[in-house]
Amino acid sequence: EGIRAQYCPLYQDSSEKSLPKSDSPEKSLPISDSPQLLLPKPDFDNIASGVNASTRNLKGRYCNLMPAQVDFPPVPTFSFTNLALIKDTTEAKKSAFFMKTIQGSLDDVIEKKMTITYEELFKSISSTNKILLLEGRPGCGKTTLTRKISRDWGEGTILSFVKYLFLIPLRQFYKNPIIELNTVLSHFRMAALEKELLQSEGEGVCFVLDGLDEYSVKFSTQGHSWFEELLRGEVLTSSTIIITSRPNASIELRKHVHTRGEVLGFFKEQIHEYIDNGNPSKATKIKAFLHSHQNILHMCYIPFHLVMIMFIYDTCEEDKTPLPKSETEVYELFTRLSLVRYYTKIGKDIVLRDLESLPSPECALFRSISKIAYDTTTNEMTSISLHGMHVEFSVSDIANLGIIVVDRKAGLSGGETILSFAHLTNQEFLAAYHVST
């Protein structure tokens, strides 16, 4: 345990045996897949000999990273990674592949692109091809991809020239948005490496930065912070940077990247395969339901939506709850089922026909959470601090309802308890719900 305490404090161990048992609500708050990375015990079996202790510890932490066993909604252990390289913007956009990637949303990448496999992409990345930007719409799998990249590096299958890889969810820099090299290294308990990295200009270092759109400071081509200079390739010039973002947040960064790609989500055949593998006993019924509701099927091109819909179908069939017929109903029903999950955990059997029928005091609490969603969405915030907000409920009250979760990496925010929604799309739905009510 003493040795394990030296490992990266950004992450919480997912092994129940290693965590102290407690009846305190603060110790049993719900956990989401999106803001947390839950790393298992170090797995050194597949790590090549001859690496130094710091590299070995990093690789051990990333091995077997995904999926987290406590993800909600539950995520199967298999995944697909569909990627495209974004090419010359002046070329005609008439290819079948281009049309296959367009979903009719604000986050579409309306530029010439070509398909590329995950393996091909990382074979093309070398120590001289430094900045890779991966764009994609919310829920398409960008965060999952950063986990996969980190895990595969830990297992030695990609980025063989990288000695140190630092996986950094940018939404965690909420309280202190000014990111410096010593800040990053300190949170990985590797502050002693700063001199080495500066002397080598970052050679053999890879920063995997997840969620530029969720970073609390807008990237500027004129900014003078260390983080902005890093993204422009002006410091640690020999390092490699992999960064994910929604397309509308990365416009200023594009001129500085060496390779730009898109995370595409699922294609039709993969939706079917995902359902077949994820719920074999109900796969035929689920696919029949989706094909009879094309608007719901269209949502499933976003992996997060498909995971939600499979969970909804499975739960609704058991409870004999009517299935959703629109995107709004999908989110409304998922929210209701999350609340029912809360009541089940506290030993109450409840039928929740709609969000308006929540019993007191949970009804007032839910309305307060919807207001928080509205305030944070309109201010483009994904990490939430109750400090300064006029909220009459405690952190425990809010988090225990299961709609908002406690961010376990609050150390990046100056020790303050930081909250977040299970996913950005859930936050946006609840903001819209607040407006409608």
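**Entry 1: a strand pair**

I started with strands β5 (residues 131-135) and β8 (residues 240-245), which pair in the parallel sense over five bridges. A reminder to myself: this is a predicted model. I then picked Leu133 and looked up its bridge partner in β8, which is Ile243. For my own notes, strands of a sheet pair through backbone hydrogen bonds, either parallel or antiparallel.

**Entry 2: the sheet around that pair**

Next I wanted to know where β5 and β8 sit. I found them side by side in an open sheet of seven strands, in the order β4-β3-β9-β5-β8-β7-β6. The pairing in this sheet is mixed. Which strands are the edge strands? They are β4 (113-116) and β6 (164-169), each of which pairs on one side only.

**Entry 3: Pro247**

I followed the chain on from β8 and stopped at Pro247, in the loop between β8 and β9 (259-263). Is Pro247 buried or exposed? Its relative accessible area is 6%, so Pro247 counts as buried, the cut-off being under 20%.

Then I asked what surrounds it. Leaving aside neighbours within four places in sequence, I listed Asp107, Val109, Glu135, Gly136, Arg137 and Arg254 as the contacts of Pro247. Glu135 on that list took me back to β5, whose residues are 131-135.

**Entry 4: two helices**

I moved on to helix α13 (residues 327-345) and helix α16 (residues 424-436). They pack at an angle of about 100°, with their axes 11 Å apart. That angle makes α13 roughly perpendicular to α16, because 65 to 115 degrees counts as roughly perpendicular.

Which residues of α13 and α16 meet? From α13 I noted Thr328, Tyr331, Glu332, Phe334 and Thr335, and from α16 Thr425, Asn426, Phe429 and Leu430. I sorted the residues of this contact by type and got four nonpolar, four polar and one charged.

**Entry 5: the whole chain**

I counted 16 helices and 11 strands. Of the 437 residues, 54% are buried, and Pro247 is one of the buried residues. The accessible surface comes to about 19700 Å², with 51% of it belonging to carbon and sulfur atoms. Among contacts with a separation of 6 or more, 73% join residues 24 or more positions apart.

How values were computed
Residues numbered from 1 in each chain as written. Predicted model: local features only at pLDDT ≥ 70, side-chain atom pairs only at ≥ 80, totals over all residues. Heavy atoms only, no water. Axes fitted to C-alpha atoms, helices over the stretch in contact; angles between N-to-C directions. Helix = DSSP H or I, 4+ residues; strand = E, 2+ residues; numbered from the N terminus. Parallel < 35°, antiparallel > 145°, perpendicular 65-115°, else oblique. Contact = heavy atoms within 4.5 Å. Nonpolar A, V, L, I, M, F, W, Y, C, P; charged D, E, K, R; others polar. Buried < 20%, exposed > 50% of the residue type's maximum accessible area, 1.4 Å probe, protein only. Areas by Shrake-Rupley, 256 points an atom, 1.4 Å probe, with all protein chains shown as cover. Pairing = 2+ DSSP bridges.
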